Amino acid sequence: MSIDKIIDISRVLLSIAGRYLVFAGAFYLFFYVWRKRAYWYAKIQQRYPENKHILREIIYSFFTILIFGAVIMLVIYASKLRLTRIYPNISDKGYAYYFLSIGLMILMHDTYFYWTHRAMHWKPLFKLMHKTHHLSTNPTPFAAYAFHPLEAVVEIGIVPLIAFTIPYHGTALTIFSLYSLLLNVTGHLGYELFSQGFTTHRLFKWHNTSTHHNMHHRLVKCNYGLYFNIWDRLMGTNHPDYEKSFDQIVEKRKKAKGKEGIALLPDGLATE
Ligand SMILES: [Zn+2]
Ligand SMILES: [Zn+2]
């Protein structure tokens, strides 16, 4: 392998690992270390996962990063061979299309994620590739990439799907990837930060919350969506108590907030 190729691969891997560490690491450090006591009142499940679960999430994420890197390298080489629909200058298609393409990527990914996720909940596939992600019943931000290697291939599949189907600029794909990572990390945050009424608001109810995906990890057969609450509503797969649970968590958070979260923290910080 030439030095150039090794440099290319290292650059891609460092970029994926760096983004994951910055996003998951920053949220983890803030909510699980630095401000752990202060934000206890906003914790969705009133307990913390054991360290061995957090370590498992990080170890699986390491392999996910390698798999993501391999697939992205293939997409980069396909682009060099002009097999993808990448275009070099934003002006080639204008800013309107540039921003539209980012929105389109998010909508495509939301649909792709919902249906591949539901397929992976089919028993044989669940055992084969998705059970690993569900070992986190009380996820932390590090669960964002805690996949079985086969699931990691499915998850990164959205990138070639976009690259081969819609015209895109490289930076639009980067913005989409960062937004996707942000939503993935906040979905696994374990803390609910949105306000009361979010899940019943005319507009906001169509967007997911951290509670939504946290319930998926705790209860498994419900709440499959990623960014939006469109497919779950259309297919009737929201947990029947989703809105009620969200309201209860926010209500509890409101009551606890003024009364000093520290006083409510159990001795030694609860773990599972
Ligand atoms: Zn699942
Ligand atoms: Zn998850």
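1. Threonine 199 is buried, at a relative accessible area of 1%, where buried stands for under 20%, exposed for over 50% and partly exposed for what lies in between (1.4 Å probe, protein chains only). The model is a predicted one, in which local features need pLDDT of at least 70 and side-chain atom pairs count only at pLDDT 80 or more, while totals for chains, interfaces and linings use all residues. Residues are numbered from 1 along each chain as its sequence is written, chains are lettered from A and ligands numbered from 1 in the order in which they are written, and side-chain values use heavy atoms, with hydrogens and water left out.

2. Threonine 199 sits in the loop between helix H7 (170-187) and H8; helices here are DSSP runs of H or I with at least four residues, and strands runs of E with at least two, numbered from the N terminus. Leaving aside residues up to four places away in sequence, Threonine 199 touches Lys205, Thr209, Arg233, Tyr242, Glu243, Phe246 and Asp247, with contact taken as heavy atoms within 4.5 Å. For tyrosine 242, the C-alpha to C-alpha distance from threonine 199 is 8.5 Å, across 43 residues of sequence.

3. Donors are N, O and S atoms within 2.8 Å of the metal (3.2 Å for Na, K and Ca), and sites may look incomplete because water is not among the atoms. Distant parts of the chain are linked here by histidine 121, in the loop between helix H3 (94-120) and helix H4 (123-130), and histidine 216, in helix H8, which are 95 residues apart. Histidine 121 and histidine 216 are both buried.

4. The zinc ion (ligand 2) is coordinated at 2.0 to 2.1 Å by His133 (NE2), His188 (NE2), His213 (NE2) and His217 (NE2), and the spacing of these donor residues in sequence is H-x54-H-x24-H-x3-H. The arrangement is irregular because the 4 donor atoms around the zinc ion (ligand 2) subtend angles of 93 to 157°. By the criteria applied, four donors are tetrahedral if all angles lie between 85 and 135 degrees; four count as square planar and six as octahedral if opposite donors are over 155 degrees apart and all others between 65 and 115; anything else is irregular.

5. Helix H5 (residues 149-156) and helix H6 (residues 158-165) have axes that come within 4 Å and cross at roughly 25°, the axes being lines fitted to C-alpha atoms, for helices over the stretch in contact, with angles from 0 to 180 degrees between N-to-C directions. H5 is therefore roughly parallel to H6, since angles under 35 degrees count as roughly parallel, over 145 as roughly antiparallel, 65 to 115 as roughly perpendicular and the rest as oblique. In this contact, Val154, Glu155 and Ile156 of H5 meet Ile158, Val159 and Pro160 of H6. The buried residues of H5 are Glu151, Ala152, Val154, Glu155 and Ile156, and what covers them includes helix H2 (51-80), H3, H4 and H6.

6. Backbone angles call for a look at two residues. Most residues other than glycine have a negative phi. Arginine 82, which is not a glycine, has a positive phi of about 60°; this arginine 82 is in the loop between H2 and H3 and is exposed, with a relative accessible area of 76%. Valine 220 also has a positive phi, near 70°, and lies in the loop between H8 and H9, where valine 220 is partly exposed at a relative accessible area of 24%.

7. Methionine 235 is placed in helix H9 (residues 230-235) and is partly exposed, with a relative accessible area of 38%. Not counting residues up to four places away in sequence, methionine 235 touches Tyr114, Trp115 and Arg118.
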